[in-house]
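Subject: A structure to look through

Dear colleague,

I am handing over the structure below, and after it you will find what I noticed when I went through it. Please keep the picture open while you read.

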Amino acid sequence: MTSVPISTTDFRALMRNVPGQVTIVAAGSPGQRSGLTATAVCALTDAPPTVLVCVNRRVVAHDTIIESGVFSINALAAGQDDIAVTFSGLPGIKGEDRFKSGTWGVGTSGAPILSGTVCTLECRIAGYHPAATHTIFFGEIIAGTAHEERDPLVYLRGSYLELPSSTPA
Ligand SMILES: Cc1cc2nc3c(=O)[nH]c(=O)nc-3n(C[C@H](O)[C@H](O)[C@H](O)COP(=O)(O)O)c2cc1C
């Protein structure tokens, strides 16, 4: 079997077929918050409960996460597409102004937390590691809430889709 190196364009064409849970990763104190839409988020281990998040070093929230030492992962629910668009940077809305989208509070860790999510995790940075254009953050979970009655929002083939969590009989 041979393998052929693929281009960035080829890679994107492949990865757009892999559905991703849409999250907002956020950090900072009110007035100085920043956040981004992120799908590069996954569980790493349950002992101790830890996730990993991959953030481009050029994203404003990258340095806010490091300076804060804590961050939140807010897994969006169906109907929160507008928040995902705002935090993706596409409308040109930056920094603190992004937090006018959605209802935000402050978690027990001090990180910004969003209402209406399917799951919100608060994390302490347990470590981070550079990887090409990105930094992989290891986040030890210090608080979390989940709403199983809400359906998640996923990103697939360039579109935000609602994933029904239960199928009618
Ligand atoms: C569906 C979707 C998923 C994304 N996932 C990530 C991600 O996992 N990591 C990342 O660094 N950027 C990701 N981005 C891009 C960032 O959201 C975007 O670059 C960032 O909001 C720009 O912020 P800035 O204007 O503060 O630099 C994603 C964008 C979209 C639309």
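Phenylalanine 137 is a residue of strand 10, and since the model is a predicted one, what I say about this residue and the others is computed from predicted atoms. Is phenylalanine 137 buried or exposed? Phenylalanine 137 counts as buried because 22 other C-beta atoms lie within 10 Å, and the cut-off for that word is 20 or more. Once its neighbours within four places in sequence are set aside, phenylalanine 137 is in contact with Leu52, Val53, Val55, Ile65, Ile125 and Tyr128. Serine 109, by contrast, is 28 residues away along the chain, and the C-alpha atoms of serine 109 and phenylalanine 137 are separated by 17 Å.

Strand 10, which covers residues 134–146, pairs with strand 5 in the antiparallel sense, and seven bridges link the two. Within this pairing, leucine 52 has phenylalanine 138 as its bridge partner, while the partner of valine 55 is threonine 135. Strand 5 (residues 49–56) is also joined to strand 4 (residues 41–46), again antiparallel, by five bridges; in that pair threonine 45 stands opposite threonine 50. Strand 4 and strand 5 make a hairpin, with two residues between them.

These strands belong to an open sheet of seven, and if you follow it across you meet the strands in the order 3-2-6-9-10-5-4, with antiparallel pairing. Strand 3 and strand 4 are its edges, each pairing on one side only, and from one strand to the next the twist averages 30°.

Which strands pair with strand 2? Strand 3 is joined to strand 2 by five bridges and runs antiparallel to it, with alanine 38 of strand 3 as the bridge partner of threonine 23. The two strands form a hairpin with six residues between them, and in the turn glycine 28 has a positive phi of about 105°. Strand 6 also pairs with strand 2 in the antiparallel sense, over four bridges, and there alanine 26 stands opposite serine 72.

Helix 2 can be read together with these strands. Just after the helix, glycine 69 takes a positive phi of about 80°.

There is also a ligand, with 17 residues around it, of which Ala38, Ala40, Asn56, Val60 and Gly89 come nearest. Strand 3 (34–38), strand 5 and helix 2 (60–68) are the elements that give two or more residues to this shell. Sorted by class, the shell holds 11 nonpolar, five polar and one charged residues.

A second open sheet has three strands, in the order 1-11-12, and its pairing is antiparallel. Strand 1 (20–21) and strand 12 (159–162) are the edge strands, each of which pairs on one side only. Strand 1 and strand 11 (residues 153–156) run antiparallel and are joined by two bridges, with glycine 20 standing opposite tyrosine 155.

Finally, here is the chain as a whole. It has three helices and 12 strands, and its radius of gyration is 16 Å, close to the 15 Å that the globule rule gives for 169 residues, so the chain is as compact as a globular protein of that length. Its C-alpha atoms fill a box of roughly 50 × 45 × 40 Å along the principal axes, and 33% of the 169 residues count as buried. Among contacts between residues at least 6 apart in sequence, 61% join residues at least 24 apart.

Key. Residues numbered from 1 in each chain as written. Predicted model: local features only at pLDDT ≥ 70, side-chain atom pairs only at ≥ 80, totals over all residues. Pairing = 2+ DSSP bridges. Near = placed C-beta within 6 Å. Nonpolar A, V, L, I, M, F, W, Y, C, P; charged D, E, K, R; others polar. Buried ≥ 20, exposed ≤ 12 C-beta atoms within 10 Å, placed from the backbone. Contact = placed C-beta atoms within 7 Å. Rg over C-alpha atoms; globule rule 2.2 N^0.38 Å. Axes fitted to C-alpha atoms, helices over the stretch in contact; angles between N-to-C directions.
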